[in-house]
Each structure stands twice: as structure tokens, then as C-alpha cells.
Amino acid sequence: MNPAADAIVDLYERHAATWVEARLRERELFERGWLDRFTAEIPEGGAVLDLGCGAGEPIARYLSARGHAVTGVDSSAAMVAMFRARLPHQRARVADMRTLCLEQRFQGILAWDSFFHLNHEDQRGMFAVFRAHAAPRAMLMFTSGPAHGEAMGSLEGEPLYHASLDPAEYRQLLENEGFAVLANVANDQSCRGRTVWLAQLQ
């Protein structure tokens, strides 16, 4: 196991305010195209589970503005506190997505720029978590890497861990839990190089 993977929560906890301020300065929702594809198949007012929600900016705010009931989950207490301050009419809780067990099913499940901080084995385990929280015909969207491996980014000069499985394995894991892939784009330049998966529970 890479020790940097275990440092993710502490890293975001210590740099939460700086990370949020930097994102807000961008003033661009570059994820809009994918978010619109995701929400297009979710009923009006449908509930969305935002895994790794951060401070709710800008994605949870966008979903909220479109009329969705958002439940944000993040392992960083600092991030969740900022989420609650920014979106007081939505729900957020401090929890580890790997062991999440909410008594609710959602029409949309989102793990944008969060799931890819988990190591390979933890990522494999997440597909059962996705399924356990998915309502009939639920949409699922997450970002990954383009190929199997590990990569190190940085946050405020400190190493920031990322990992990815092979695309064929993601497809198999989705299929095993009853999800059909609707779209998958590797290194999408319209979304700053993200590799995005969009799937629906069958």
C-alpha cells in the first residue's frame, strides 16, 4: 500500500480553505457538460449522493440550483463544515465513503475527483457501496485515470495520491453490480483531461 493514499484525508483537512479558495477563483464550472448529462436522466428533484463532496463548491451548489436534494459525504470535517455553511438547506455528513451505509437510495451517485484518491483494492470495494445506495435506474458518475496505475499530484506542495484500475476492470465491476456504461471518455480535453465514467443501474 502506498502511504500517500492514507494521507489524503489529513491533507485535505489541513488545506481545505486554500483548496476551496483556489477553486472559487477559477469562476468556471468546467464540469458542466458532464453534470448536465448526469442530471438529464435523474427525475426532477431527485436525490443525489455526492461522495467526496468537499465544501460543496461548485458541484453540489450547481446540483442544488437545479432542484436536486444533495447529500454530501466527505471524510474531512473541515470540508463538511464549509459545505454546511454554504448549502444550509442540503445535507452533509463526515463519513468514509468506503464504509458508507446510509438508509437511503439515490437517483444519482457522484464521485467526482474523489474516488480516484482510493487505492486499487478500495476502489474495487466501492462498487458494492455504489449499488447499495442506488435507486432503480440510478445514474452513477465518477472520474478515474485512463489506465491501471498510480500517480502523484500535489496539494500545497505536498504529494497527492491518485490511482486507477484498467478500463476493462471498471466495466466488469460496473457490470457485476448491474450498471451499464452509457459513456466513458479518457483524458477529456473539454473537462481538463478528466477520464469520466457515466453509468446507469439496469
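Let me start with the aromatic cluster, in which ring pairs link Phe115, Phe127, Phe130, Phe142, Tyr170 and Trp197, and let me say at once that this is a predicted model, so that every value I quote is computed from predicted coordinates. The count of aromatic pairs in this model comes to 12. One of these is formed by Phe127 and Phe130, whose rings sit 5.3 Å apart, centre to centre, with 85 degrees between the planes, and the pair is edge-to-face; that label follows because planes over 60 degrees apart are counted in this way. Both residues belong to helix α7, which covers residues 120-132, and they are three residues apart, or about one turn of the helix. Phe127 has a relative accessibility of 1% and therefore counts as buried, and Phe130, also at 1%, counts as buried too, because the cut-off for that class is under 20%.

Two packed helices are described by the angle between their axes and the distance between the axes. For α7 and helix α8, the latter made of residues 167-176, the axes come within 9 Å and cross at roughly 30 degrees, and the two helices are therefore roughly parallel to each other, since angles under 35 degrees fall in that class. Their crossing is right-handed, and the residues that make the contact are Gln123, Arg124 and Phe127 on the α7 side, with Glu169, Tyr170, Leu173 and Leu174 on the α8 side.

Let me turn to the backbone. Most residues other than glycine have a negative phi, and most peptide bonds are trans. With that in mind, the bond between Glu57 and Pro58 deserves a look, as it is a cis peptide bond with omega at about 0 degrees, and Pro58 itself is placed in the loop between β1 (47-51) and α5 (59-65).

Arg137 lies within strand β5, residues 134-144, whereas Arg192 is in the loop between β8 (179-188) and β9 (194-201). Arg137 counts as partly exposed at 43% relative accessibility, and Arg192 counts as partly exposed at 40%.

Another arginine, Arg37, lies over the face of Trp34, at 4.6 Å from the ring centre.

Finally, consider Glu41, found in the loop between α4 (32-40) and β1. With a relative accessibility of 46%, Glu41 counts as partly exposed. Where does Glu41 make contacts, leaving aside residues up to four places away in sequence? Glu41 touches Met139 and Gln200.

Terms used. Residues are numbered from 1 along each chain as its sequence is written. This is a predicted model: local features need pLDDT of at least 70, side-chain atom pairs count only at pLDDT 80 or more; totals for chains, interfaces and linings use all residues. Side-chain values use heavy atoms; hydrogens and water are left out. Rings of Phe, Tyr and Trp (its six-membered ring) pair if their centres lie within 6.5 Å; planes under 30 degrees apart count as stacked, over 60 as edge-to-face and the rest as tilted. Helices (H or I, at least four residues) and strands (E, at least two) are DSSP runs, numbered from the N terminus. Buried means under 20% relative accessible area, exposed over 50%, partly exposed in between (1.4 Å probe, protein chains only). A charge sits over a ring if NZ of Lys or CZ of Arg is within 6 Å of the ring centre and within 35 degrees of the ring normal. Contact means heavy atoms within 4.5 Å. Axes are lines fitted to C-alpha atoms, for helices over the stretch in contact, and angles run from 0 to 180 degrees between N-to-C directions. Angles under 35 degrees count as roughly parallel, over 145 as roughly antiparallel, 65 to 115 as roughly perpendicular and the rest as oblique. A crossing is left-handed if the near helix is turned anticlockwise from the far one by less than a right angle, and right-handed if clockwise.
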